[in-house]
Amino acid sequence: MIEWLDEGIVLATRPHGEDGAVVHLLTREHGKYAGLARGAQGRRNRATYQPGTTVQARWRGRLAEHLGAYTCEPLHSPFANLIEMPERLTALAAAMAVADWTLPEREVHTPIFDGSQALIEALHHDAWAEAYVQWEVQVLRELGFGLDVTRCAGGGSGRLIYVSPRSGRAVSEDAGAPYSAKLLPLPDFLAGRGGGGPAEVCDGLRLTGYFLERHLLAPADLDLPPARDRLAAEMRRLAARPRDDGRDGDSPLHG
């Protein structure tokens, strides 16, 4: 019998039998790992296995290659504080789905685990949407597809405002002007110039979404998860609102 104990974040559950579920966790020391959790669909345990909940997980299996069984105790749930913030709950659902769809099974990526916990905390603060885009940048980097937004791929010396869809490298305004229709926008907050807000977040989601699909999802014949599409649509809606539509002149992201 093989057994381990680890901290994990619930990514997804799939019903199995009358009250059980196959649960995917992102664990600190074992990576994305699946297991059968008996009673996970029951009224008593349903909240424990809700995506985004941090748990203390015990996995047991006769052989390492078996599905194995989970017993989980909840450590932290973000839902009580986010229940009246639907956009942030959508971001949480999007992050859990992106991690579940892109991370390889049983491959340890501790920085993504730590970054996911940091994102869950950031969802309680003003810059939550910008933090979400930064999290997707981290996922790309940790899986070997990092973006280089520190210098111009075309040798230009001006302000970096584009990213090449071919190389993932930044392009300056002067060097990219002739090809602007083919380049991806680089938002200020990803280039280290401050900024942010719904319009920039839309640009950031377009940027990271392109590379997530190209490098991680398309090879597996997958599209972006529906929750990720909902987040992008919500950010487009917020970006289209008049500037004075936010409370006391604040960004609508910060409500």
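Let's begin with a cysteine: Cys72 is buried, its relative accessible area being 8%, where buried means under 20% (exposed is over 50%, partly exposed in between, with a 1.4 Å probe and protein chains only). Cys152 is buried as well, at 10%. With a disulfide taken as a pair of cysteine sulfur atoms within 2.5 Å, the count comes to zero.

A word on the source: this is a predicted model, in which local features need pLDDT of at least 70 and side-chain atom pairs count only at pLDDT 80 or more, while totals for chains, interfaces and linings use all residues. Residues are numbered from 1 along each chain as its sequence is written, and side-chain values use heavy atoms, leaving out hydrogens and water.

H2 and H4 pack at about 5°, with axes 11 Å apart; axes are lines fitted to C-alpha atoms over the stretch in contact, and angles run from 0 to 180 degrees between N-to-C directions. H2 and H4 are therefore roughly parallel, a label for angles under 35 degrees. In the contact (heavy atoms within 4.5 Å), H2 residues including Ala91, Ala95 and Val98 meet H4 residues including Tyr132, Trp135 and Val139.

Note on methods: Helices (H or I, at least four residues) and strands (E, at least two) are DSSP runs, numbered from the N terminus. Angles under 35 degrees count as roughly parallel, over 145 as roughly antiparallel, 65 to 115 as roughly perpendicular and the rest as oblique.
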